Amino acid sequence: MSSRIEDYALIGDLLTCALVGRDGSIDWMCAPRFDSPACFAAILGTPENGRFRIAPKGEVTRVERRYRGDTLVLETELETGQGRVRLIDFMPPRTDNLDLVRIVEGVEGTVPMRMELEIRFDYGSIIPWVRAFDGGIHAIGGPDSIWFRADVPLHGEQFTTVSEFEIQAGEQVKFDLTWSSTWGPEPRFHDPLESLAQTEDFWREWASRCSYQGPWREAVVRSFITLKALTYAPTGGIVAAATTSLPELIGGVRNWDYRYCWLRDATFTLYALMHGGYTEEARAWRSWLVNAVAGVPSELQIMYGLGGERRLTEMELDWLAGYEGSRPVRIGNAACSQFQLDVYGELMDALHTTRRAGLEPDENAWRVQRGVLKFLETAWTEPDEGFWEVRGPRRHFTHSKVMAWVAFDRAVCAAESVGGDGPVERWKEIRERIRRDVLEQGYDRELNAFVQYYGSKEPDASLL
């Protein structure tokens, strides 16, 4: 059983993703999007709450993994005393179906295999009703439906769909799992081999647009592919991570849900993509941003849902054991209601970077920025929860003040470089006031260092 987070590899389709373990087990996939509760609900390595495992029946003596070139198609080779097999896992990036495709290839010898599919909806709490059809099964649990097709016979064992088969060198066995709404029509079936070719073509074409030509280009492109996989294609939103409740400390309680769009994290992702020449993603994110934050600037949140949702109600799932026993398992995130001053600076800096990257001016974006600055004229003096989302008393965090300075600085740059209208002299005056405030109260002369918050004696990594 895979249990360590480092034993998993990512595949995805720009709607959601799946994590594939070294042992051939997929223990995490939310459908139809990153923050949904459907399909596999295990918190990694707890297969009683859902998994999709394909593996040799005998002892595996060697495992090799790789992505196919500049794609998100994953290959896992498993070797046993009987021979060697290759698992090919991918999710075709398209809009008509949400598919997870697994192809088993015989490489050497004849290897006995076992497939186990445990579909558990609503984070492992719902065992679906299953009926068989020619070539597969259809599983239903409330609003969620899974159509599963296979080249080999299937049967049921203890609420699990199972297949046992042998594969010889040169043979292929294909599995296709498709999510759909229970109330919608049966999804259209796609040939797995055609889907494989289309998926490879999509990622290779996207990767070929990377403009970076410096050292370690292969690693840089791989990083870009991973960042692209964390974008939600229908809106342009960028999720911070594809998982929930992985603990900051094993056995600890700081187990948060990161399947949302943090303005700060998305900004960092945007910087990287734009440096790689991916301005299309920057344009989509800017549209998502303007729509998500529309409203009163004082109500700007640090994070939103994939479609700009604001209500990210946090709750605990007491029926799940958690990653390596780390509880509670949480979905939703109450930090969405926190006041984090630095986010305003991140937002302004991101939009500044889109202008520097050559994106055409957007009047709606500039209106949002002016509204943010109007709010910040007084709000920068207030304490906040800070970069680390501390769930305690608000403080005057040094990093937060610096990022408020960034907000006014980038507005001044926009006004002076591209002619953005606004009270530039007032922005300059506030920028200078913030600078003096940080130098006077955020710096400790005895330590010869900036400190985490005003009055503190501790430095902080956010100040680097």
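Visitor: Which residues touch the most other members of the largest nonpolar core?

Guide: Glad you asked, and do keep in mind that this is a predicted model. The largest nonpolar core holds 82 residues. Apart from it lies another core of 37 residues, including A18 and I167. Within the largest one, the residues touching the most other members are L263 and L300.

Visitor: How are α4 and α5 oriented to each other?

Guide: Helix α4 covers residues 263-275 and helix α5 residues 279-292, and their axes lie 10 Å apart. The angle between them is about 160 degrees, and angles over 145 count as roughly antiparallel. Therefore α4 and α5 are roughly antiparallel.

Visitor: Which residues of α5 make the contact with α4?

Guide: From α4 come L263, A266, T267, L270, L273 and M274. By class, the contact has nine nonpolar residues, one polar and one charged. On the α5 side, the residues are E281, A282, W285, W288 and L289.

Visitor: What is the handedness of the crossing of α6 and α7?

Guide: These helices, α6 (residues 342-356) and α7 (residues 363-379), pack at about 150 degrees with axes 11 Å apart. That angle makes α6 roughly antiparallel to α7. Their crossing is left-handed.

Key
Residues are numbered from 1 along each chain as its sequence is written. This is a predicted model: local features need pLDDT of at least 70, side-chain atom pairs count only at pLDDT 80 or more; totals for chains, interfaces and linings use all residues. Side-chain values use heavy atoms; hydrogens and water are left out. A nonpolar core is a set of buried Ala, Val, Leu, Ile, Met, Phe, Trp, Tyr and Cys residues joined through side-chain atoms within 4.5 Å. Buried means under 20% relative accessible area, exposed over 50%, partly exposed in between (1.4 Å probe, protein chains only). Axes are lines fitted to C-alpha atoms, for helices over the stretch in contact, and angles run from 0 to 180 degrees between N-to-C directions. Helices (H or I, at least four residues) and strands (E, at least two) are DSSP runs, numbered from the N terminus. Angles under 35 degrees count as roughly parallel, over 145 as roughly antiparallel, 65 to 115 as roughly perpendicular and the rest as oblique. Contact means heavy atoms within 4.5 Å. Ala, Val, Leu, Ile, Met, Phe, Trp, Tyr, Cys and Pro count as nonpolar, Asp, Glu, Lys and Arg as charged, and the others, Gly among them, as polar. A crossing is left-handed if the near helix is turned anticlockwise from the far one by less than a right angle, and right-handed if clockwise.
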